[in-house]
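Me: I have a structure open and would like to learn how to read it. Please take me through some features one at a time.

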Amino acid sequence: MFCFYRFGFSIETILMFVIAMILLAITMIDFDTMIIPDGLNIAMLLVSIVLMYVRHMSLLESIIGMFCISVPMILLNVLIAESFGGGDIKLMFVSGIALGWKYSLLAAFIGILLVGSYSIYLLVSKKINKKGHIAFGPYLSIGIFIALSYGSEIISWYLNLMM
């Protein structure tokens, strides 16, 4: 219902619904197993490519979107072992096709804010220690869906705060 409300009667509604279901599956599996299956990342890749064409996004913007978050995640993983899982990196890579660079940055920022807030809660309540790991995919999934659904409004709102 949300996808229909947000995007109306269009192919974009169907694509966003499929993306929402893929991200929901990623969320549930990652919470349970700390793994994002490659099959779901491949499904996200295929839907992202179609959405890129439906939204008339330039190929350059999509390519930059693929790398602007996934490459820093890889570099952080090299510097700090096991800081991100491979599934998280692949998720941001394939989502970057549909997001483009601006919305990839927004999606990652939202995901980091959410996981950071939850991590602080876990640390303060002593439910996890500093060396503990939590699933990052669910928070990235929320950020991706919000950025795909309301990215332009959020970025416009933020830029208007600066003026």
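Me: What is the mean pLDDT of the protein chain?

Reply: pLDDT is the predictor's confidence in each residue, from 0 to 100. Where it is low, the predicted coordinates should not be read in detail. Here the chain has a mean of 92, and 100% of its residues reach 70 or more. Confidence is lowest in H1, with a mean of 84, and highest in H3, at 95. Labels such as these come from DSSP runs numbered from the N terminus: helices (H or I) have at least four residues, and strands (E) at least two.

Me: How many salt bridges does a search of the whole structure find?

Reply: A salt bridge is a side-chain nitrogen of Lys or Arg within 4 Å of a carboxyl oxygen of Asp or Glu. The search finds three. One of the salt bridges joins Arg6 and Glu153, whose closest N and O atoms are 2.7 Å apart. Arg6 lies in helix H1 (residues 2-7) and Glu153 in helix H6 (residues 137-162), so this pair ties together parts that are 147 residues apart in sequence.

Me: Which residue forms a salt bridge with Glu12?

Reply: The partner is Arg55, and the closest N and O atoms are 2.5 Å apart. Glu12 is in helix H2, while Arg55 is in the loop between helix H3 (38-54) and helix H4 (59-79), so the pair ties together parts 43 residues apart in sequence. As for accessibility, buried means under 20% relative accessible area, exposed over 50%, and partly exposed in between (1.4 Å probe, protein chains only). Glu12 is buried, at 18%, whereas Arg55 is partly exposed, at 23%.

Me: Where in the chain are Asp38 and Lys90, which also form a salt bridge?

Reply: Their closest N and O atoms are 2.7 Å apart. Asp38 is in helix H3 and Lys90 in helix H5 (residues 86-124), so to speak of the sequence, the pair links distant parts of the chain, 52 residues apart. Asp38 is partly exposed at 42% relative accessibility, and Lys90 is partly exposed at 39%.

Me: Is Thr27 buried or exposed?

Reply: Thr27 counts as buried because its relative accessibility is 12%. This residue lies in helix H2 (residues 11-33). Contact means heavy atoms within 4.5 Å. Leaving aside neighbours within four places in sequence, Thr27 is in contact with Pro138 and Ser141.

Me: Is His56 buried or exposed?

Reply: His56 counts as exposed, at 72% relative accessibility. His56 lies in the loop between H3 and H4. From His56 to Cys68 the C-alpha atoms are 20 Å apart in space, and the two residues are 12 apart in sequence.

Me: Which value does phi of Glu82 take?

Reply: Phi of Glu82 is near 60°, a positive value in a residue other than glycine. Glu82 is in the loop between H4 and H5 and counts as exposed, at 59% relative accessibility. Lys126 has a positive phi of about 60° although it is not a glycine. Lys126 is found in the loop between H5 and H6, and it counts as exposed at 73%.

Conventions
Residues are numbered from 1 along each chain as its sequence is written. This is a predicted model: local features need pLDDT of at least 70, side-chain atom pairs count only at pLDDT 80 or more; totals for chains, interfaces and linings use all residues. Side-chain values use heavy atoms; hydrogens and water are left out.
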